[in-house]
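Here is a short tour of one model, meant to be read with the structure open beside you.

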Amino acid sequence: MLNQALTKSSPRTFCRTHLCVSADGTERRQEVMAIERMELVMETLGLNVKEGKALLERVQHLLVAHQVHENLEQHRLCSECGKRHTSKDAGVAPVKTVFGLVEVPNPRWNRCACLSQGPKTFRPTKAWLAGRTSPEMLYLETKWASLIPFAKVADLLKDVLPVGDSANPQTIRNHLQATAERLEQELGEERQLNLFEASEEEWEQQPLPDGPITVGIDGGYVRAAHKQGWFEVIAGKSIVAFRREEEAEVPSAKCFGFVQTDDNKPRRRLWELMKSQGLRENQQVVFMSDGGENVRRMQEYLHPYSEHLIDWFHITMRLTVLQQQTKALKQERPQTGDDASKRLESVKHLLWHGNTEEALERLVDLIMDLSFIQARSATAEKVADGVSEFETYIRNNHEFIPNFGERRRQGEAISTAFVESTINQVVSRRFVKKQQMEWTLRGAHLLLQTRTKVLNNELDDAFRNWYPQFRAEAA
Ligand SMILES: [Zn+2]
């Protein structure tokens, strides 16, 4: 069979790829790559990744050489007297790009004899050569490392791009952190959130703001480096309830995160975020949390005169866990289990309507009833412990439980964590608790900054702010 296939004359396909560079009307052709194909099967259809990488790398190399050569030629003559600058030394600057490491000619030229001031030599590339990594590369590294572990980003980039060893976990981490530090530097000084420095009259003349901004805040723990235990990170989400004028391009929900022991301007951070959502100085802000002490103290620091509520999401999550526990009780004692489940359901109903007093009474009754059998049933004891814990939680937070049903009818937010807790969304999935990843305070804080930019679809804008022609949007 094999021999037969070989003796048949297979048609061959050649493809020669050229790069045409034209300048001042003259055009030069350079062969980039020749691709040969024997038999057409699915795996030989078109370019494979290896060829694609080689092709892009070669084109990048030729294009860069041409661009820099042209640029140097344009600046070769002294702008004062028109004489040619003489060379002091040649020099090369390696630059990491998404299509490989390129060597940028980086000569040093002597100052023209017609000038008597300024440095004796200069590098003509200084006008444009900033850093040793292309913005596209910085962007890709930062974006992906904000979502998945550093080592995985290196693998991914190497798989699909001709980046070679320039993509490694340590470099990617450094680049992400440099990007985050740049974002941090641009954040203004710490400030009060509700800082309206004008008269009461002017305050009243402010335009009518949009619906209240609801900010959900959650705390989570990240494993610290050097066996230092765990430290707390704060994550949150800010949601505009409704808008008076429809501005479709402004997303209604944005998230933020920070390491409170490392961050010295969390108010500014939140203020900038809410401002990007159209916050006005006279706008009402409602805070929601799971009711934990730490998180509430942070909220009060962030915005002392605002309303603080329990996020409905956290109440339902706790009740769902309790209902799971009653399932086991149902198997052991069907009637008791069924009864407990129904009573928890009625507690949920009462809490939904903000009827905390009655909900607490029913919880206490349930604990009492379970206490009669818990000595004989470990399952009942487990449910009783859970209900007891829940009762304490509701008691401690009763003043922060509104009439959720009424709020919802008014079109107001009752939760900021619709399908999953904000802390999971912003923190846990990237900080991978299970994989024993360890973080420094600063490292975690910086990663949170780029991660939230990515989740909010704002990283492109940040890069365009620094590099105006970066992925320029079509006009
Ligand atoms: Zn000159």
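This is a predicted model: local features need pLDDT of at least 70, side-chain atom pairs count only at pLDDT 80 or more; totals for chains, interfaces and linings use all residues.

Residues are numbered from 1 along each chain as its sequence is written.

H7 itself covers residues 266–276, and its buried residues are Arg269, Leu270, Trp271, Leu273 and Met274. Helices (H or I, at least four residues) and strands (E, at least two) are DSSP runs, numbered from the N terminus. A residue is buried if 20 or more other C-beta atoms lie within 10 Å of its own, exposed if 12 or fewer, and partly exposed in between, with C-beta atoms placed from the backbone. The buried residues of H7 pack against S8, S9, strand S10 (253–258) and helix H8 (293–302); contact is counted if the C-beta atoms of two residues, placed from the backbone, lie within 7 Å.

Most residues other than glycine have a negative phi. Lysine 227 has a positive phi, near 55 degrees, and lies in the loop between strand S8 (213–223) and strand S9 (230–240). Lysine 227 counts as exposed because 7 other C-beta atoms are within 10 Å.

Arginine 471 also has a positive value, with phi near 40 degrees. Its place is the segment after helix H16 (459–466), and with 11 other C-beta atoms within 10 Å, arginine 471 is exposed.

## The nonpolar core

The largest nonpolar core holds 80 residues, and Val233, Val387 and Ala444 touch the most other members. Helix H12 (residues 378–397) supplies the largest share of this core, six residues. Such a core is a set of buried Ala, Val, Leu, Ile, Met, Phe, Trp, Tyr and Cys residues joined through C-beta atoms within 7 Å.

Setting aside residues up to four places away in sequence, valine 233 touches Gly220, Val222, Gly257, Val259, Val427, Ala444 and Leu448.

## Alanine 359 in H11

Alanine 359 sits in helix H11 (residues 356–373). Why is alanine 359 buried? Because 25 C-beta neighbours lie inside 10 Å. Apart from neighbours within four places in sequence, alanine 359 contacts Val347, Leu350, Leu351 and Ile394. Glutamate 391 is 32 residues from alanine 359 in sequence, and their C-alpha atoms are 8.8 Å apart.

## Helix H5 and its partners

Helix H4 (residues 150–160) and helix H5 (residues 169–186) have axes that come within 8 Å and cross at roughly 110 degrees. H4 and H5 are therefore roughly perpendicular, a label for angles of 65 to 115 degrees, where under 35 is roughly parallel, over 145 roughly antiparallel and the rest oblique. Phe150, Ala151, Val153 and Ala154 of H4 meet Pro169, Ile172 and Arg173 of H5. Axes are lines fitted to C-alpha atoms, for helices over the stretch in contact, and angles run from 0 to 180 degrees between N-to-C directions.

H5 also packs with helix H15 (residues 441–455) at about 80 degrees, their axes 8 Å apart, so H5 is roughly perpendicular to H15. On the H5 side are Leu176, Gln177, Thr179, Ala180, Glu181, Leu183 and Glu184, and on the H15 side Leu446, Leu447, Gln449, Thr450 and Lys453.
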